[in-house]
Amino acid sequence: MQVSIYTDGAARGNPDGPGGYGTVLEYVDSKGKLHVKELSQGYKKTTNNRMELMAVIAGLEALNRPCDVMLYSDSKYVVDAFNQNWIGGWIKKGWKRGKNEPVKNIDLWERLLKAKEPHNVTFNWVKGHNGHPQNERCDELATSAADSQLGT
């Protein structure tokens, strides 16, 4: 089954920092019916990169069987993890990124590796704030999901 996942890691704007994450899954079942599932976490004071990772993890963990996943995000941090072999490279081989470069978010990377394992994931970077239609969709869906979690 093909699943599209749209994420936004700081989806809930907050003047004090990142606001949480919004994740939306879309898929068409065998009968041709479209399904949309929202997953989100409202405001939490933490770093934007952690929220981006949580948005992706939430989407992958919500899948209850192996799927082909098309993942859309505007996070360069997460896109590099998928497309520059961070996951298969330094993450799996002892968490070393270079002599003096500490690896951050190890707890979330381990969760991501486990969540990603059964799926065939293709990651699409939809560069933000440039009118890219998929980025607009990420913002619209994921921000809406986070807002609904907060009751706004």
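Arg111 is partly exposed, with a relative accessible area of 35%; this class lies between buried, under 20% relative accessible area, and exposed, over 50% (1.4 Å probe, protein chains only). The model is a predicted one, in which local features need pLDDT of at least 70 and side-chain atom pairs count only at pLDDT 80 or more, while totals for chains, interfaces and linings use all residues. Residues are numbered from 1 along each chain as its sequence is written, and side-chain values use heavy atoms, with hydrogens and water left out.

The mean pLDDT of the protein chain (the predictor's confidence in each residue, from 0 to 100) is 76, and 63% of the residues score at least 70. The secondary structure comprises 5 helices and 5 strands, taken as DSSP runs numbered from the N terminus (helices: H or I, at least four residues; strands: E, at least two). Their order from the N terminus is β-β-β-α-β-α-α-α-β-α. Among these elements, the highest mean pLDDT, 90, belongs to strand S4 (residues 68-73), and the lowest, 60, to helix H5 (residues 133-150). Of the 152 residues in the protein chain, 45% are buried.

Strand S1 (residues 2-8) is mostly covered, with 6 of its 7 residues buried. Strand pairing was assigned where DSSP finds at least two bridges between two strands. S1 pairs with S4 in the parallel sense over 5 bridges, and Gln2 has Asp68 of S4 as its bridge partner. S1 is also joined to S2, in the antiparallel sense, by 6 bridges; here Thr7 stands opposite Thr23 in S2.

Strand S2 (residues 21-28) also contains Val28, a residue that counts as partly exposed because its relative accessibility is 46%. Val28 forms a nonpolar surface patch together with Leu34 and Val36. The accessible area of the three residues together is about 270 Å², as computed by the Shrake-Rupley method with a 1.4 Å probe, where for residues only the protein chains shown count as cover. Patches are made of residues with over 30% relative accessible area and no salt bridge; like charges are joined within 9 Å, and nonpolar side chains (Val, Leu, Ile, Met, Phe, Trp, Tyr) within 5 Å.

The structure holds 2 salt bridges, each defined as a side-chain nitrogen of Lys or Arg within 4 Å of a carboxyl oxygen of Asp or Glu. In one of them, the side chains of Arg50 and Asp107 meet at 2.9 Å, N to O. Arg50 lies in helix H1 (residues 48-61) and Asp107 in helix H4 (residues 106-116), so this pair ties together parts that are 57 residues apart in sequence. Arg50, at 23% relative accessibility, counts as partly exposed, as does Asp107 at 40%. Glu61 and Arg111 also meet through their side chains in a salt bridge, at 2.8 Å, N to O. Because Glu61 lies in helix H1 and Arg111 in helix H4, the pair ties together parts that are 50 residues apart in sequence. Glu61 is partly exposed, at 41% relative accessibility.

Helix H4 also carries buried residues, namely Leu108, Trp109, Leu112, Leu113 and Ala115. Viewed down the axis of H4, its buried residues fall within an arc of 165 degrees, so they line one face of the helix; the arc is that of the directions from the helix axis to the C-beta atoms.
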